[in-house]
Amino acid sequence: VAQVLLKQVTAEDEIFVVEMGAYREGEIKAICDIVKPDIGILTGINEQHLSFFGSIENTIRTKGELLASLPKEGLALINADSENSHKALKYNNADRVIRYGIGGDHEVKATHIVQQHNVLKFKVHYQRKRADFEVPIFGEHYIQNLLGCIACAIELGLSLKEIAEYAKSCEVLDGSLQIYQGIKEATIIDDSYNANPDGFLAALNAVMNLKSSKVILVTPGMMELGAKSEEIHRRVGQRI
């Protein structure tokens, strides 16, 4: 982050998007001290990196460092479908909070979700406006991340119609729930880029909806889960 700021960001840049990850308490605060964010998006909090943080409470406090670093006139965007993200709001310093999620009574929400092979269709509601989205990705769980982006784009002045048009060109990273057709009618799911418990279970739900006669799942397993590693792997194994 520091090198990008020093070498690439110039006075002509209007928006700087920064992903803030952490392996221990204080690291997100350190990045925030450099970046000085105006908008903070809390995409979700689960057991990922539990071996580093020691407890989910420590993880919530660490992720809350982003919200604590926001200015009073800033904006916190919260995944309303994540209970732990709600808990992190106690650290929030921004006066404004926008919650996004699937259905429910949220400021930005998605409804009418349909997965048609590699195209995800859904309707986004904001205030009294709505727009139809068609995004070339597989997996309904991506909607939560998309909603965070949509809520942020609205705040930055784009219309829902404009955002829906841009969303048609979305791409996922290699190894992020990509589908390949193998021999003998086998469906191969490549979700090997990274795996956390919530994402793994969401991927399995997406696979179940394929209604394929044979599914091959390739995964490196889930790492950095600490003492809960066996318990979580057994839970996911039962789901498989």
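Predicted model: local features only at pLDDT ≥ 70, side-chain atom pairs only at ≥ 80, totals over all residues.

**Whole chain.** Start with a cartoon view of everything: the chain has nine helices and nine strands. Of its 240 residues, 41% are buried. The chain exposes about 14,100 Å², with carbon and sulfur atoms supplying 50% of that.

Six of them make an open sheet in the order 1-2-3-4-5-6, with mixed pairing. Its edges are strand 1 (39–42) and strand 6, each of which pairs on one side only. Look along the sheet and you can follow the twist, which averages 20° from one strand to the next.

**Inside the sheet.** Zoom in on strand 3 and strand 4, which pair in the parallel sense over three bridges. Pick Gly101 here: its bridge partner in strand 4 is Lys109.

**Helices against the sheet.** Select 56–68 to get helix 4, which lies across strand 1 and strand 2 and runs at about 155° to strand 1. Then switch to helix 7, packed on the sheet where it touches strand 5 and strand 6. The direction of helix 7 makes about 5° with that of strand 6.

**The largest core.** Which residues touch the most other members of the largest nonpolar core? Show side chains for Val108, Phe122, Val124, Phe133, Leu147, Ile150 and Leu160, out of 27 residues in that core. Elements giving two or more residues to this core include strand 4 (108–116), strand 5 (119–126) and helix 7 (160–167). Helix 6 gives the most, with nine residues.

Leaving aside neighbours within four places in sequence, its contacts include Ile98, Tyr100, Val124, Leu147, Ala151 and Ile154.

**A second core.** There is also a separate core of 10 residues, and Leu42, Ile45, Ile78 and Leu89 are among them.

**Last stop, Gln8.** Head for the loop between helix 1 (2–7) and helix 2 (27–35), where Gln8 lies. Is Gln8 buried or exposed? Gln8 is exposed, because its relative accessible area is 57% and the cut-off for exposed is over 50%. Not counting residues up to four places away in sequence, Gln8 touches Gln3 and Asp13.

Definitions and conventions: Residues numbered from 1 in each chain as written. Heavy atoms only, no water. Helix = DSSP H or I, 4+ residues; strand = E, 2+ residues; numbered from the N terminus. Buried < 20%, exposed > 50% of the residue type's maximum accessible area, 1.4 Å probe, protein only. Contact = heavy atoms within 4.5 Å. Core = buried A, V, L, I, M, F, W, Y, C linked by side-chain atoms within 4.5 Å. Areas by Shrake-Rupley, 256 points an atom, 1.4 Å probe, with all protein chains shown as cover. Pairing = 2+ DSSP bridges. Axes fitted to C-alpha atoms, helices over the stretch in contact; angles between N-to-C directions.
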